[in-house]
Amino acid sequence: MMDVLEHTQSSFKLVNETERDISEMIKHLNEFLPFSQEEMGYERPVTIRFISDPTNAAEILGKTAFYNPSIDEVSVYVDGRHPKDMLRSVSHELVHHTQNCRGEFDGETTMGEQPYMQTSEHLSEMERQAYEVGNMTFRTWE
């Protein structure tokens, strides 16, 4: 099953590449995404992609979400996760989208390396901002 839902007013696209029913979460995203855009100030459209990876889900320290700055896309893992936790991950990754829109990823050569935070003071600061601003934006909306 793959659902593609577009919301043109706020310039975002939601893509569900999983078997999980995310219809209830989409109702919340239709409210949260315009709010986050206003709060964070990102101007470019963003794609939110929901993905499944049972192997990743089985790892206690598996990934929860990631941002791809080259295509303005947030990917969120769904397996075994509460919808609120997935929404919080979306908010965190939207901070990275905002940073990308401001050009803060420009010139970074350590993207994708693990552990990425420890390879660059700049990336470490960007991650701190994502935790702080992402969580606070989500809590304010919530």
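**Close-up 1. Helix H1 packing against helix H4 in this predicted model.** Here H1 (residues 23-40) meets H4 (residues 121-141) at an angle of about 125 degrees, and their axes sit 10 Å apart. The crossing of H1 past H4 is right-handed. On the H1 side, the contact uses His28, Glu31, Phe32, Phe35, Ser36, Glu39 and Met40, while H4 brings in Val133, Thr137, Phe138, Thr140 and Trp141. Sorted by class, that makes six nonpolar, four polar and two charged residues.

**Close-up 2. The aromatic pair Tyr67 and Phe105.** Searching the whole structure turns up five aromatic pairs, and this is one of them. The ring centres of Tyr67 and Phe105 are 6.0 Å apart with the planes at 45 degrees, so we call the pair tilted. It ties together distant parts of the chain: Tyr67 belongs to strand S4 (residues 65-68), and Phe105 to the loop between helix H3 (83-101) and H4, 38 residues apart. Both Tyr67 and Phe105 are buried.

**Close-up 3. Phe138 and Trp141 on helix H4.** For the rings of Phe138 and Trp141, the centres are 5.8 Å apart and the planes make 40 degrees, so this pair is tilted too. The two residues are three apart in H4, or about one turn of the helix. Phe138 has 2% relative accessibility and therefore counts as buried.

Technical notes: Residues numbered from 1 in each chain as written. Predicted model: local features only at pLDDT ≥ 70, side-chain atom pairs only at ≥ 80, totals over all residues. Heavy atoms only, no water. Axes fitted to C-alpha atoms, helices over the stretch in contact; angles between N-to-C directions. Helix = DSSP H or I, 4+ residues; strand = E, 2+ residues; numbered from the N terminus. Left-handed = near helix turned anticlockwise from the far one by under 90°. Contact = heavy atoms within 4.5 Å. Nonpolar A, V, L, I, M, F, W, Y, C, P; charged D, E, K, R; others polar. Phe/Tyr/Trp six-rings, centres within 6.5 Å; stacked < 30°, edge-to-face > 60°. Buried < 20%, exposed > 50% of the residue type's maximum accessible area, 1.4 Å probe, protein only.
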